Structures are given as C-alpha cells and as structure tokens.
Amino acid sequence: MKYFLLCVFFFCIYILYEGLQKDPNLVPSNLISKEIPEFSIESLQGKNFTNVDLENKGVVILNFFASWCPPCKIEHPQLLQLSKIIPVFGIAKKNKKKDLLPWLEELGSPYEVIGMDHNGLQSINWGVYGLPETFIIQDGLVKYRHVGPILERDLEIFRNLTRKE
Amino acid sequence: MIIFIFFMNIILSEAIAIEPNEILKNKELEAQARAIGKELRCLVCQNEDIQNSNADIAKDLRKIVRIKLEKGESKEEIMDFIHSKYGDFVLFSPPLRLDTAGLWLLPISFFILLTFYFFRKR
C-alpha cells in the first residue's frame, strides 16, 4: 500500500510537471479534420465571399486579421511569402474599409479575397478567439490552425503542410 | 468604514461586465442569456465566465448567445453550437466521455480509496 501511494504521488508530480510545459492560453481548435463552417459574408470588393470559395481549390490558407491588430503586422511579410506558393484568403475582423485599405496599400496584400467580418460573429463561427489566427484548409477540411502571428520560424511548418503531393 | 465595506461588497458581488446596450428587452430571454453566460468560459481570460469578462471575445459570445435566443433557439442548441466551435475548453463543466472520465472519476476514486485506507488502519 505504501509503495502504491508513493507511485500515485510520483504520477501526480509527473502530470503536474507535464502541465507546466503547456501554454494555458492555447486553446486547441475543435474544427481540425472537420468540414469548414458554412458562411457567406461581404468581401472587401463588395462581392460575396462564401465557404464554396475555399472548397475545391486544393490547399488554401485562411487568415483572420485586422488592421488594428499589431501582431498581424508582424506576420504580414510571412503571409506575403506564403502567398507566392498557395492562395491566401483573409477575413478582416471588425475592420472598416477606410482603415483597411491604407493598411493594405502600405504593406501589400497577400490576399486573393478579403471577407469583412463586421460584427465579429464570423470569427466565432470559426472558433477564433484572438487575432491573428490562420487555418490551412485542404479540400474543404480544416487541416491545421495556427494561433498568433506566423513568425519566420513557423514558415517551415506551413511549407510542409501545404506542400502539394 | 464597516458600512463602506458592506456597500462595496454588494456592489462588487453584483458586478457584471454586460453593457446596457447588450441587454435584451425581453426579461425572460435576458435571464436565460445570463444563465448561459455563467456556464461559458471566456477563452482569453483564465477561468472567468463570459458574463464577468470585458474581453472582446466574451462580448462577442454574449452577443451571439442573445442573437440566437431571440431567434428562438434553446439553451441546449446554443451551448452545442458554441461547444462545437471552441471545444471542451469553453464549458465550465466538461461532458463525461471516455477521455474526460479521469477528470470526473479520479476525485471520487481518491475519496473512496482514502476513506477505505483511513478506516482500515483503525
């Protein structure tokens, strides 16, 4: 019994130690390997942007961003790089056109289409809880979700995941 | 001083982050919305419910709960919707499944084990 309790004690220590290494701010996405949610929103160009635009295109990237979000500016060069290999789509959260247009003009636009999520409800539909967040979508299924800015060191993951087989 | 503390207590215990323009006119629906809000965890603030949080995401979640209530959706439907988007993390009481069984059963089994151990020693 004594040894058993000792084992339980060390097991608890192990679990707690493992827990220390996890980032409590990182919430795993519940959409992985599932079909992308249905949506239909206005695009920056005034057209309709729907889930159909993301399906049947092989591998695409969907990036949630806003011009008012500083980390989004940090990941911007990386998105520009990625847009050379795969189509990148964007959804701007609670962003006015008059703020977004100069921002894109200054930094350049990696996006094929930008959807306007005026009230932030579309972000909830995708389980987004902070900006920026990036999804890799393959044939209409969510393959990967990245929380926070895509940094130089994250590019490798993206290149591997989006490589065309 | 005592009176001051007394009143501060009342004020603080009633403090919720809902803004006046969020509140629904229908009192019954508003009460339902608050009941739901208490069961949903704000995702960016550790262990705060969306009712009490000023975070942007909490505000949006409160809004979608109210929109859906006004559409006539039930509490279960709304909880299922938000659960399907954000996973178990958003619920304060996660569902009992095979992979969450430890969460629910370990405390009980510890209690039983220790009571057993305690009484056997006597």
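In which loop of chain A is the place of Pro132(A)? Pro132(A) sits in the loop between helix 4 (121–125) and strand 6 of chain A; helices (H or I, at least four residues) and strands (E, at least two) are DSSP runs, numbered from the N terminus. The structure is a predicted model, in which local features need pLDDT of at least 70 and side-chain atom pairs count only at pLDDT 80 or more, while totals for chains, interfaces and linings use all residues. Residues are numbered from 1 along each chain as its sequence is written, and chains are lettered from A and ligands numbered from 1 in the order in which they are written.

**Stop 1: the loops of chain A**

Select Leu131(A) together with Pro132(A): the peptide bond from the former to the latter is cis, with omega near -10°.

Select Ser33(A) next, in the loop between helix 1 (2–20) and strand 1 (40–42) of chain A. Ser33(A) is not a glycine, yet its phi is positive, about 65°. Ser33(A) counts as exposed because it has 9 C-beta neighbours inside 10 Å. Here a residue is buried if 20 or more other C-beta atoms lie within 10 Å of its own, exposed if 12 or fewer, and partly exposed in between, with C-beta atoms placed from the backbone.

Then go to Asp139(A), in the loop between strand 6 and strand 7 of chain A. Asp139(A) also is not a glycine and has a positive phi, of about 50°. With 13 other C-beta atoms within 10 Å, Asp139(A) is partly exposed.

**Stop 2: the sheet of chain A**

Display the strands of chain A: 5 strands form an open sheet with mixed pairing, in the order 5-4-3-6-7. Two strands pair if DSSP finds at least two bridges between them. Strand 5 (111–117) and strand 7 (141–147) of chain A stand at the edges with a single partner strand each, so one side of each lacks a neighbour in the sheet. From one strand to the next, the twist averages 20°; axes are lines fitted to C-alpha atoms, for helices over the stretch in contact, and angles run from 0 to 180 degrees between N-to-C directions.

Within this sheet, select residues 59–65 (strand 3) and residues 133–138 (strand 6) of chain A, which run antiparallel and are joined by 6 bridges. Val60(A) stands opposite Ile137(A) in strand 6 of chain A.

**Stop 3: chain B and its helix 2**

Chain B has 5 helices and 0 strands. Of its 122 residues, 20% count as buried.

Select residues 27–39 of chain B, which form helix 2. This helix has 13 residues and reaches 19 Å from its first C-alpha to its last, close to the 18 Å expected at 1.5 Å a residue; the expected span is 1.5 Å times one less than the number of residues.

Which residues of helix 2 of chain B are buried? They are Ala33(B), Ile36(B) and Gly37(B). These residues are on the same side of helix 2 of chain B because they cover an arc of only 105° around the axis, the arc being that of the directions from the helix axis to the C-beta atoms. The buried residues pack against helix 3 (56–70) and helix 4 (75–86) of chain B. On the other side of helix 2 of chain B, Lys27(B), Glu28(B), Ala31(B) and Ala35(B) are exposed.

**Stop 4: where the chains meet**

Finally, display both chains: 11 residues of chain A are in contact with 12 residues of chain B, contact requiring C-beta atoms, placed from the backbone, within 7 Å.

Terms used
Contact = placed C-beta atoms within 7 Å.
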